[in-house]
Amino acid sequence: GAEALSERLVLDAGTNPQQCVDLIETLANLAPLWREKTFSKLNQDSTLIDDDPSRVLIWAALRRLLSNHRSFPDADWAMPESVLEEIEKIYEQFQPRDAINQRVWLFSESIQLVTGQAGEDWNAHTNEIFAERRAALREILSNGGTAAMKRLAREAEKPHLVGLAFAELVSKSNEADELLEELIESDESSYTQFVSGLIANLHQRFGSKWSNGFLAKAKKRGWNSARIVQVLLALPSEKETWDLASSFGEEATSEYWKSANVYWARDDQQQTIFGVDKLIEAGRAREAVRIIAGSRQSVPDELIVRMLLKAAEKPVRQTNDFNHPVMFQWSVGQ
């Protein structure tokens with residue numbers, strides 16, 4: 001019965017990419033004979049299926065399979081390495097034709113590498129992913145320049161990761177300034193996210209000297225408050241950034257605090273109190289309640305009373321997060 005089902009699965013799949021993906025997801029459960037026939041079929045399909053969208057779909061399914069089985073080699077369901085090596089050869093044959101399609105998957109939320117992740121060293125795995133991203137972006141820039149990188153940012157699931165990787169490749173603090181000034185003009189969401197990641201990592205690498213200098217140039221050139229705020233929001237949410245925001249006047253400061261995050265500073269209670277005050281002023285008292293509740297430290301009674309009164313004045317925010325009302329109740333209770 002299992003062999004008869006295996007035969008039907010393999011024969012029915014044809015060159016339909018989604019059915020090939022479904023077949024790949026059953027590989028571990030196929031009878032050995034039909035597993036080998038599936039390998040032969042996929043090898044043949046790699047020459048017949050020529051369009052990149054279809055190739056990408058099958059390529060990604062093979063990568064997930066390899067990653068899952070290599071991440072848990074001792075599991076009862078894991079296929080032996082000899083079989084996985086055969087699958088990897090097929091994986092290589094399905095590589096997309098287009099250079100961006102070959103690399104864009106690295107700039108997404110959840111990355112599964114062909115090598116898998118054996119063991120519990122998450123830092124090593126994360127470092128490997130970041131190294132892969134840098135290498136991919138270096139090749140894209142080498143072959144297609146910034147135009148290719150912009151396309152990568154537009155097509156990536158998480159464009160800010162492209163920005164983070166680009167900042168790692170920059171050798172001088174001002175090397176990315178011209179591109180930043182160009183893309184910060186754009187209203188396109190992918191570019192906004194790319195710029196945010198780039199600014200955050202340039203600040204991480206080159207410190208306040210770079211970010212203060214960049215904003216000083218912006219002030220000289222008379223940038224509008226929206227562009228200034230975009231830069232400020234990508235910087236660490238701390239007193240230094242807040243002071244910088246206030247130096248650009250009331251409009252920029254007001255716009256900044258409508259979106260800025262505040263995190264409880266364990267070593268600087270006054271900084272957190274200042275940030276919470278600003279959230280209340282910006283009409284975000286409900287968010288301030290959450291921050292104070294999670295602090296587990298004493299804050300002035302006056303601040304708590306004012307915060308709760310202001311939070312009660314605000315309408316309940318409609319959200320698809322059904323946990324939000326419960327968590328807000330918990331925060332008020334704290």
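Me: How many aromatic pairs does the count come to?

Reply: In this predicted model, where two rings pair if their centres lie within 6.5 Å, the count comes to nine aromatic pairs.

Me: Why is the pair of W59 and W105 called edge-to-face?

Reply: The ring centres of W59 and W105 are 6.2 Å apart and their planes stand at 90°; planes over 60 degrees apart count as edge-to-face, and therefore this pair is given that name. The pair links distant parts of the chain, since W59 belongs to helix α4 (residues 52-71) while W105 lies in the loop between α6 (99-103) and α7 (122-155), 46 residues apart.

Me: What makes W59 count as buried or exposed?

Reply: Buried means under 20% relative accessible area, and W59, at 4% relative accessibility, therefore counts as buried. W105 has a relative accessible area of 18%, so W105 is buried by that cut-off too.

Me: Why is the pair of Y256 and W257 edge-to-face?

Reply: The planes of Y256 and W257 are at 85°, with the ring centres 5.3 Å apart, and because the limit for edge-to-face is over 60 degrees, the pair is edge-to-face. Both Y256 and W257 are buried, and together with W242 and F274 they form one aromatic cluster.

Me: How do you know that the charged end of K37 sits over the ring of W34?

Reply: The charged end of K37 is 4.3 Å from the centre of the W34 ring, where the rule asks for a distance within 6 Å and a position within 35 degrees of the ring normal. R286 likewise lies over the face of F328, at 4.4 Å from the ring centre.

Note on methods:
Residues are numbered from 1 along each chain as its sequence is written. This is a predicted model: local features need pLDDT of at least 70, side-chain atom pairs count only at pLDDT 80 or more; totals for chains, interfaces and linings use all residues. Side-chain values use heavy atoms; hydrogens and water are left out. Rings of Phe, Tyr and Trp (its six-membered ring) pair if their centres lie within 6.5 Å; planes under 30 degrees apart count as stacked, over 60 as edge-to-face and the rest as tilted. Helices (H or I, at least four residues) and strands (E, at least two) are DSSP runs, numbered from the N terminus. Buried means under 20% relative accessible area, exposed over 50%, partly exposed in between (1.4 Å probe, protein chains only).
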